[in-house]
Amino acid sequence: MSRRWLFADQLGPHFLDDRRQPVLLIESKAVFRRRVYHRQKAHLILSALRHRAAELGAQATYLRTDTYAEGLRKVREPVEVCHPTSRRALEFVRRRDGVTVLPPRGFVTSLDDFAEWAGGRRGALRMEAFYRFAREHHRVLVDGDEPVGGRWSLDVENREPPPKDGKLAVPAAPVPKEDDIDAEVRADLDRWEREGIRFVGRDGPRRFPATTKEAQARLRHFLRHRLPAFGPYEDAMLSTDPWLAHSMLSSSFNLGLLDPLHAIRGAEKAYRSQGAPLASVEGFVRQVLGWRDFVWHLYWHFDAGWRRSNALAARRPVPGWFQELDADAVQAHCLSDVLAGVRDHGWVHHIPRLMVLGNYALQRGWRPAELVEWFHTRFVDGYEWVMTANVVGMSQYADLGRMTTKPYVSGGAYVNRMSDYCGGCRYDPRKRLGADACPYTAGYWAFLDRNRGRIPANARMARTMKQLDRLADVDRVVAQERRRGNDAP
């Protein structure tokens with residue numbers, strides 16, 4: 001029997017075919033030397049890898065080496081591995097003698113099924129169309145040939161602003177209890193830092209599951225207690241509550257601790273048997289079966305050069321204060337609070353990522369490839385396959401709409417509507433000029449002016465561009481934002 005090599009994002013039981021199958025786990029120090037990771041991300045990866053080794057016991061060979069190649073040289077029997085999640089890793093395993101590459105796991109729709117779906121379509125690929133295909137193909141939330149409730153998407157029902165009192169009445173998600181393995185990981189990371197391996201962000205108690213048991217406990221709690229409130233407030237932001245009713249399971253899916261189809265069926269059962277609101281259930285299913293599977297497939301479907309797309313000619317480097325998560329350097333309340341969330345937790349939910357962090361980067365013209373790296377390394381759930389699509393294709397619109405219909409750019413009015421940030425901020429979201437002008441509002445118009453010749457006419461921006469042409473002060477706004485440059489707002 002071949003030994004199954006499990007990468008550190010393939011740690012759930014669904015990556016094995018036989019409970020007795022011999023397993024190989026390799027902890028490569030070079031992985032952490034090559035990139036500057038968030039300290040809590042490094043901790044989570046190592047904790048999950050070592051916990052899996054402890055679970056498997058004598059079934060697993062666990063190697064701590066400098067590189068993967070060094071580890072493989074110590075293995076004598078044939079090795080097989082599930083399709084890795086990055087191009088670099090896939091090329092590496094394909095070059096190794098004695099290593100067999102199996103089809104991917106950890107996603108719902110197969111590469112072949114996606115290729116057949118995409119090959120039969122004209123023009124740009126859109127998540128909404130793929131999501132409908134996936135729902136039908138896997139028979140999720142359908143009755144006969146029709147979607148449950150009569151509509152494929154209930155997204156319009158899931159856009160409530162945060163509660164006015166700043167409180168969402170849901171119980172907190174269960175927090176993992178650290179153990180001796182976590183203590184060992186923390187001591188090793190301290191030693192690595194003394195040796196010169198650099199991390200960013202604050203160390204802290206482990207907040208995210210490192211084992212399938214912990215991940216399943218969090219999933220059960222979410223489906224029972226937090227799912228009903230998830231849908232209405234999934235786009236809301238609160239300075240007093242970064243978690244709201246989100247599942248906080250993205251890192252568990254991306255470490256391979258949870259089978260996504262198991263979670264999807266659990267959500268469907270919560271609707272059909274336990275009365276969970278359909279809009280909330282559909283919203284969760286859309287995130288997992290729709291968006292997560294979609295961005296995974298686009299990473300492989302598009303060519304390797306997609307990651308380097310920069311059609312808006314964004315040339316500014318990502319500034320040091322952003323790289324170092326220096327939230328205290330920022331006066332804009334929303335950006336300061338969200339950046340602090342990344343610094344303190346290695347996580348914020350999808351709307352702060354897109355409409356606070358990504359939106360600001362897009363307005364300032366920061367290099368998309370650097371942002372892919374930043375989101376990859378600063379988030380506990382960040383991987384290249386995730387962030388290439390989310391950053392290049394979505395938040396930075398660097399490919400001019402290969403997967404989205406318009407740039408995700410907005411002024412301060414959106415943040416004001418969907419959060420509690422603007423009330424206590426020194427900047428006014430209604431103003432685009434002056435000392436108290438909101439950097440998002442001013443940056444929005446400066447971005448549109450800078451890119452009026454680059455954004456395609458079909459990008460749902462015609463009305464906005466006409467409004468830009470009517471602004472009498474646009475030249476002064478552009479000059480003001482040019483002076484702001486890359487400084488922390």
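Valine 79 stands opposite valine 99 in strand E6.

First, the ground rules. This is a predicted model, so local features need pLDDT of at least 70, side-chain atom pairs count only at pLDDT 80 or more, and totals for chains, interfaces and linings use all residues. Residues are numbered from 1 along each chain as its sequence is written, and side-chain values use heavy atoms, with hydrogens and water left out.

Now the strands. Helices (H or I, at least four residues) and strands (E, at least two) are DSSP runs, numbered from the N terminus. Strand E5 covers residues 79–82, and strand E6 covers residues 99–102. They pair in the parallel sense over 4 bridges. Pairing here takes at least two bridges found by DSSP between the two strands. Cysteine 82 has leucine 102 as its bridge partner in E6.

E5 also pairs with E1, again in the parallel sense, over 3 bridges. There, arginine 4 stands opposite glutamate 80 of E5.

Is E5 buried or exposed on its two faces? Both faces are covered. Val79 and Val81 lie on one side, Glu80 and Cys82 on the other, and all are buried. Buried means under 20% relative accessible area, exposed means over 50%, and partly exposed is in between, with a 1.4 Å probe and protein chains only.

Next, the connection. E5, helix H4 (residues 87–95) and E6 make a right-handed β-α-β unit. Right-handed means this: with the strands pointing away from the viewer, the path from the first strand over the helix to the second runs clockwise.

Which residues of H4 are buried? Arg87, Ala89, Leu90, Phe92 and Val93. Their cover includes strand E1 (3–5), helix H3 (68–72), E5, E6 and H11. Contact means heavy atoms within 4.5 Å.

The charged end of arginine 402 sits over the ring of phenylalanine 302, 3.9 Å from its centre. The test is NZ of Lys or CZ of Arg within 6 Å of the ring centre and within 35 degrees of the ring normal.

On to aromatics. A search of the whole structure finds 36 aromatic pairs. One of them is phenylalanine 107 with tryptophan 296, stacked, 4.0 Å centre to centre and 10° between the planes. The pair links distant parts of the chain, 189 residues apart. Phenylalanine 107 is in the loop between E6 and helix H5 (111–119), while tryptophan 296 is in helix H11 (residues 278–301). Both are buried. For the cut-offs: rings of Phe, Tyr and Trp (its six-membered ring) pair if their centres lie within 6.5 Å, and planes under 30 degrees apart are stacked, over 60 edge-to-face, the rest tilted.

Ring pairs also build a cluster from Trp321, Phe322, Tyr360, Trp366, Trp374, Phe375, Phe379 and Tyr440.

Trp366 turns up again beside glutamine 396. Glutamine 396 lies in the loop between helix H16 (384–395) and helix H17 (412–418). It is buried, at 4% relative accessible area. Leaving out residues up to four places away in sequence, glutamine 396 touches Leu312, Gly358, Ala361, Leu362, Trp366, Leu371 and Val391. Its side chain makes a polar contact with the side chain of serine 395, at 3.0 Å. A polar contact is a pair of N or O atoms within 3.5 Å; within protein, one must be able to donate a hydrogen and the other to accept it, and residues adjacent in sequence count only if both atoms are side-chain atoms.

Tyrosine 397 is in that loop between H16 and H17. Its phi is near 50°, a positive value in a residue other than glycine. Most residues other than glycine have a negative phi. Tyrosine 397 is buried, at 2%. Arginine 139 also has a positive phi, about 55°. That residue is in the loop between helix H6 (127–138) and strand E7 (142–143), and it is partly exposed, at 42%.

Last stop: glutamate 481, in helix H20 (residues 474–484). It is buried, at 3% relative accessible area. Its side chain makes a polar contact with that of arginine 484, at 2.8 Å. Beyond four places in sequence, glutamate 481 touches Arg316, Arg364, Pro439, Ala442, Gly443 and Ala446.
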